[in-house]
Amino acid sequence: MTPITEVEGRRLTLSNLDKVLYPASGTTKGELLHHYARTAAPLLAHLAGRPVSFLRYPDGAEGEAFFTKNPPPGTPDWVSVVDVPRSARRGGDRGRQVVVDGLAALMWAANLVVEFHTPQWPAGSPAVADRLVFDLDPGDPATVVDCARVALWLRGRLAADGLDAYAKTSGAKGLHLLVAVAPTPSAEVSAYAKRLAQEAEAALPELVVHRMRRDLRPGKVFVDHSQNSAAKTTATPYTVRARPEPTVSAPVTWDEVTACAEGRAPLRFLASDMPDRLDAYGDLMAPLFENGGRVPPG
């Protein structure tokens with residue numbers, strides 16, 4: 001029997017709740033939905049007003065995964081959908097995307113088994129960013145420890161320009177740094193982020209690479225600045241990732257980043273870790289909702 005539940009006055013059909021999505025941990029779909037219900041308040045705040053892209057993995061982390069920006073087939077008519085112009089869509093095609101604007105929409109989407117990804121701009125201002133992001137991705141044998149070292153350097157460099165950075169795990173191997181910025185064309189934010197990535201490579205040549213070329217990346221941290229492009233997206237804080245275990249893109253403190261850089265603490269969190277972390281810290285990314293700093297001109 002497929003359970004039907006009511007959320008905010010909407011009737012939702014939740015399917016296959018006992019299905020194991022993460023064989024390494026035995027985590028079921030029902031447990032995944034519980035995570036999204038438990039983290040709904042901060043997650044919805046970060047999704048609010050932004051067109052969402054989904055990485056769907058309906059048969060679990062070891063099954064087929066596919067990325068979609070278009071509303072999934074069967075999207076209810078009560079789920080908010082917005083037009084997204086060509087300049088803010090990968091491949092240059094104009095389209096429509098879902099905006100997850102409440103608990104009912106969140107649980108509907110979570111039932112599809114998804115990662116949530118959002119751009120650095122709100123739906124009301126396509127290609128005008130209010131966030132800057134760096135994705136720090138370690139190339140083997142580099143690890144998250146090396147990412148933490150680079151994150152600390154970038155934090156200091158951003159602070160020199162009057163910008164405050166906040167860190168989260170990627171939920172995969174690396175770290176993400178996010179910065180609230182005053183509304184700025186995505187192209188300008190992208191150019192500034194690229195300059196800082198190049199500066200990081202110049203300052204830490206043994207540790208950093210700013211180009212995506214695979215042959216340059218072994219043993220170094222790729223400072224990916226490209227996700228500031230209007231057409232790109234980044235994993236949303238608190239989303240669960242399609243990994244062997246239900247790892248979460250989890251906000252972290254700078255003390256935790258420092259401890260990781262010193263080899264004292266790994267930065268890796270599962271869905272089961274989130275209730276205690278939220279109770280202890282609240283949403284460590286909440287400052288992103290305050291007025292952002294000005295991006296220095298090129």
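Helix α4 passes helix α5 in a right-handed crossing; a crossing is right-handed if the near helix is turned clockwise from the far one by less than a right angle, and left-handed if anticlockwise. Helices here are DSSP runs (H or I, at least four residues), numbered from the N terminus. The model is predicted: local features need pLDDT of at least 70 and side-chain atom pairs count only at pLDDT 80 or more, while totals for chains, interfaces and linings use all residues. Residues are numbered from 1 along each chain as its sequence is written, and side-chain values use heavy atoms, with hydrogens and water left out.

**Helix α4 with helix α5**

- The axes of α4 and α5 (residues 186-203) come within 11 Å and cross at roughly 125°; axes are lines fitted to C-alpha atoms, for helices over the stretch in contact, and angles run from 0 to 180 degrees between N-to-C directions.
- The two helices, α4 and α5, are therefore oblique to each other (under 35 degrees counts as roughly parallel, over 145 as roughly antiparallel, 65 to 115 as roughly perpendicular and the rest as oblique).
- Trp153, Leu154, Arg157 and Leu158 of α4 meet Tyr192, Leu196, Glu199, Ala200 and Ala203 of α5, where contact means heavy atoms within 4.5 Å.
- This contact of α4 with α5 comprises seven nonpolar, no polar and two charged residues.

**Helix α4 with helix α6**

- Helix α4 (residues 144-160) and helix α6 (residues 254-261) have axes that come within 7 Å and cross at roughly 130°.
- That angle makes α4 oblique to α6.
- In this case α4 passes α6 in a left-handed crossing.
- On the α4 side, the residues in contact include Val144, Ala148, Leu152 and Arg155, and on the α6 side they include Trp254, Val257 and Cys260.
- The residues of the contact of α4 with α6 divide into nine nonpolar, one polar and two charged.

**Cysteines**

- A search of the whole structure finds zero disulfides, a disulfide being a pair of cysteine sulfur atoms within 2.5 Å.
- The cysteine sulfur closest to that of Cys147 belongs to Cys260 and lies 8.1 Å away, too far for a bond.
- Cys147 is buried, at a relative accessible area of 0% (buried means under 20%, exposed over 50%, partly exposed in between, with a 1.4 Å probe and protein chains only).
- Cys260 also counts as buried, at 0% relative accessibility.

**Helix α3**

- Seven of the eight residues of helix α3 (residues 103-110) are buried, so α3 is largely enclosed by the rest of the structure.
- Among the buried residues of α3 are Leu106, Met107 and Trp108.

Methods:
Ala, Val, Leu, Ile, Met, Phe, Trp, Tyr, Cys and Pro count as nonpolar, Asp, Glu, Lys and Arg as charged, and the others, Gly among them, as polar.
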